[in-house]
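Hi,

Here is the structure I promised to pass on. Have a look, and my notes follow below.

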Amino acid sequence: MTKASLTYAKQLDAQDPLRAYREEFYLPVQKNGKQHLYFCGNSLGLQPKRTEKFIQQELEDWKMLGVEGHFHAKNPWMPYHEFLTERMAKIVGAKPIEVVMMNTLSVNLHLLMASFYRPTKERFKILIEADAFPSDRYAVESQIHFHGYKDGLLELKAREGEVLVRHEDIESIIEQEGYEIALILIGCPNYYTGQVFDMKRIAELGHAKGCVVGFDLAHGAGNLHLELHDSGIDFAAWCSYKYLNSGPGSVSGCFVHERHAHSPDLPRFAGWWGHNKTTRFNMRHAFDPIPGAEGWQLSNPPILSLAAIMASLEIFEEVGMPALLEKSAKLTGYLEFLVNNLEGNRVNIITPSNPKERGCQLSIQVRDADKSLYDAITEKGVIADWREPDVIRVAPVPLYNSFEDVFRFVEVLKECM
Ligand SMILES: *Cc1c(COP(=O)(O)O)cnc(C)c1O
């Protein structure tokens, strides 16, 4: 049987041990009543059906208990964020003391930079990817300016005529400029190309030169095999509404390496939720940060949002990252096969072909295309993402996308090209 057939795709679905999880999610529906082909889980993950129950529980407890819910809700609000820590830590390969869910992503980048970007006259540069996500770039530039420096932005660029950054170029920029770099802050994978960087190697190189090393894992958490603790990086942050399916604008995750867990003197912006839990309500003590990532919290967190994260993490716990990643590699590999199998040579996948250097997203460049191609596939029910000038980003998400979705998407693309 040819691999490029609907029958073959359906056979792959029949053999997929995670196929039942598609039913755990709401798939968006078109005006004509048919389901969309949804490939945008890298921007906004779909709603798990069980999320409603978790949020309903908190609405009910708030209704019945008022302020007493902080202690007497079914899941008391006071320690609510702690209920998420262990499962979240497992997904990113961290120890519980290294992880906390709080705030939103760009806010957390700033809070972490308040502690981990400590520029001096000799060393004030920040190394980021040339095509970093805009918010990260704004955050980093504004930090440099905030500290009174300029021209501090160092960009990791692909070579002329290439799209991906070469590992040897990362090594040489750190080798050459390392002593002037205060902070390395890179998105992994890069949101545009889907390229995954060797975090452990970058941490080693950066640390050897005295740089602090952080990562933005907005596109990595719930999508990649991560070993944050063992990678040795200093800090990381990610959002929970992309691959972690916790709803628009939901609360972000933070990682601070254990080696910083017991450093109360590390400069930071403080708030009561980061203060020693036993004296938090005395309201009089000098700030005494909780050891570990929790010590970076400011405010009591939005419980309705944490409830959605709780629902999502329950699914990740049931499935487990190993099974998820196994399906992810197969699903994305199938998409890659079908796209490369298209006739003519108009399409070029810019995401690395090595499965270890990518997650589930493929960025597909279409020669001589403009946005009308994207509009045409949208018209046919596909939800994907268009990046000027000619790239369609497609993320088949292993929790809810099927091999049949992938097959149908490539059929639509073929028709519209
Ligand atoms: C999605 C994304 C963001 C979004 O930031 P918010 O603060 O959650 O709005 C930031 N950085 C990267 C790399 C992203 O992919």
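This is a predicted model: local features need pLDDT of at least 70, side-chain atom pairs count only at pLDDT 80 or more; totals for chains, interfaces and linings use all residues.

Residues are numbered from 1 along each chain as its sequence is written, and side-chain values use heavy atoms, with hydrogens and water left out.

Overall picture: the protein has 13 helices and 13 strands (DSSP runs, H or I of at least four residues for helices, E of at least two for strands). Its C-alpha trace spans about 70 × 60 × 35 Å along the principal axes. Of the 417 residues, 55% are buried, meaning under 20% relative accessible area with a 1.4 Å probe, protein chains only.

Arg393 has 1% relative accessibility, so it counts as buried. Its side chain makes a polar contact with the side chain of Asp385 at 2.7 Å and reaches the backbone oxygen of Tyr191 at 2.5 Å. A polar contact here is a pair of N or O atoms within 3.5 Å, one able to donate a hydrogen and the other to accept it; residues adjacent in sequence count only if both atoms are side-chain atoms. Leaving aside neighbours within four places in sequence, Arg393 is also in contact (heavy atoms within 4.5 Å) with residues including Phe39, His219 and Gln361.

Cheers

Note on methods: Buried means under 20% relative accessible area, exposed over 50%, partly exposed in between (1.4 Å probe, protein chains only).
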